[in-house]
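Please consult the sequence and structure shown here while reading.

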Amino acid sequence: MQKILNKPRALIICATGYGSAQLLNNRVEKEFGMYLNIVDIKGYYEVDDTTLSNVNLIISAIDLSTRVFKVPVIQVSIFLTEADVQKINEFLDNEQVRNKYIAVEKKQPINSVLNHFDQFIDQSSFKIWQVSPHRKELLQELTNMLMSNEPTELKHEFLEQIDQREQLSSIVFSDTIAVPHPAMPMSRVPKIAIGIIPNGVRWSDEHSNIQLVFLLSPSYRSNQGLTETTQAIVKFTENIEKERRLVASRNFSEFRHNFLLMMKGGKYI
């Protein structure tokens with residue numbers, strides 16, 4: 001396939017570096033992979049001078065109007081609407097980048113997806129609800145799974161952080177998948193809790209049939225491997241059949257098997 005060298009370097013900013021940021025990253029890469037080099041994905045509180053060095057463009061899912069940057073900032077939806085695509089195209093046209101960068105032939109490397117599933121998820125942080133819970137009950141139970149050894153006060157703070165994050169932008173990534181996570185990392189090690197609700201849970205007035213919830217808890221120390229896992233999660237939102245197969249899982253073992261096959265691009269047996 002063709003690859004363009006010396007493409008403009010773009011930084012993607014979201015409320016956190018996970019979840020919605022991965023969704024936006026995938027859509028920008030799909031639409032502008034030939035014309036932009038996405039150098040990093042950062043949460044709002046992770047952006048510093050080092051992050052911004054040698055960056056030509058910031059693509060942000062949150063309002064950065066109160067901050068001043070040396071490079072253009074394009075605010076977009078995490079779903080990258082047609083209007084958002086037009087904004088980025090205007091930037092590319094104004095910079096005349098398509099005429100500046102040379103296309104060369106290069107073979108696409110073979111993708112090798114590392115298995116990080118067991119690093120973040122185990123049976124103790126997985127549940128299938130046969131009777132649909134209330135949204136608050138669902139989040140509380142998933143939080144208890146992730147923070148079983150933590151004091152009640154910290155669990156309450158975690159839930160408050162989830163609410164704060166959702167106030168910044170939506171954490172519902174499709175008609176059936178939600179990926180809640182705190183506005184600021186709170187865990188010593190990254191963790192993920194998973195809830196399957198075959199009959200759906202009412203998340204909001206706009207989303208009344210959420211069937212699959214990934215509760216992320218990024219670490220304030222290191223999140224190695226979490227990016228690959230969240231990238232796999234957000235890719236499910238673009239494939240209804242994969243969503244259905246995950247929701248149809250009868251137990252943790254079956255869910256794990258299906259999830260890993262999807263991460264590695266495998267075929268079902």
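Helices (H or I, at least four residues) and strands (E, at least two) are DSSP runs, numbered from the N terminus. The model is a predicted one, in which local features need pLDDT of at least 70 and side-chain atom pairs count only at pLDDT 80 or more, while totals for chains, interfaces and linings use all residues. Residues are numbered from 1 along each chain as its sequence is written, and side-chain values use heavy atoms, with hydrogens and water left out.

Most residues other than glycine have a negative phi. Leu-80 is placed in the loop between β5 and α3 (82-95), whereas Asn-54 belongs to the loop between α2 (49-52) and β4.

**The open sheet**

Strands of a sheet pair through backbone hydrogen bonds, either parallel or antiparallel. For the assignment used here, two strands pair if DSSP finds at least two bridges between them. In this model, four strands form an open sheet in the order β3-β2-β4-β5, with parallel pairing. Because β3 (37-43) and β5 (73-75) stand at the edges and each has a single partner strand, one side of each is left without a neighbour in the sheet. Strand β2 (residues 9-14) is joined to the parallel strand β4 (residues 57-60) by four bridges. Within this pair, Ile-12 has Ile-59 of β4 as its bridge partner.

**Helix α1**

Helix α1 (residues 20-32) contains 13 residues and spans 18 Å from its first C-alpha to its last, close to the 18 Å expected at 1.5 Å a residue. The expected span is 1.5 Å times one less than the number of residues. How many residues of α1 are buried? The helix is mostly covered, with 10 of its 13 residues buried. Among them are Ser-20, Leu-23, Leu-24, Val-28 and Phe-32.

Notes:
Buried < 20%, exposed > 50% of the residue type's maximum accessible area, 1.4 Å probe, protein only.
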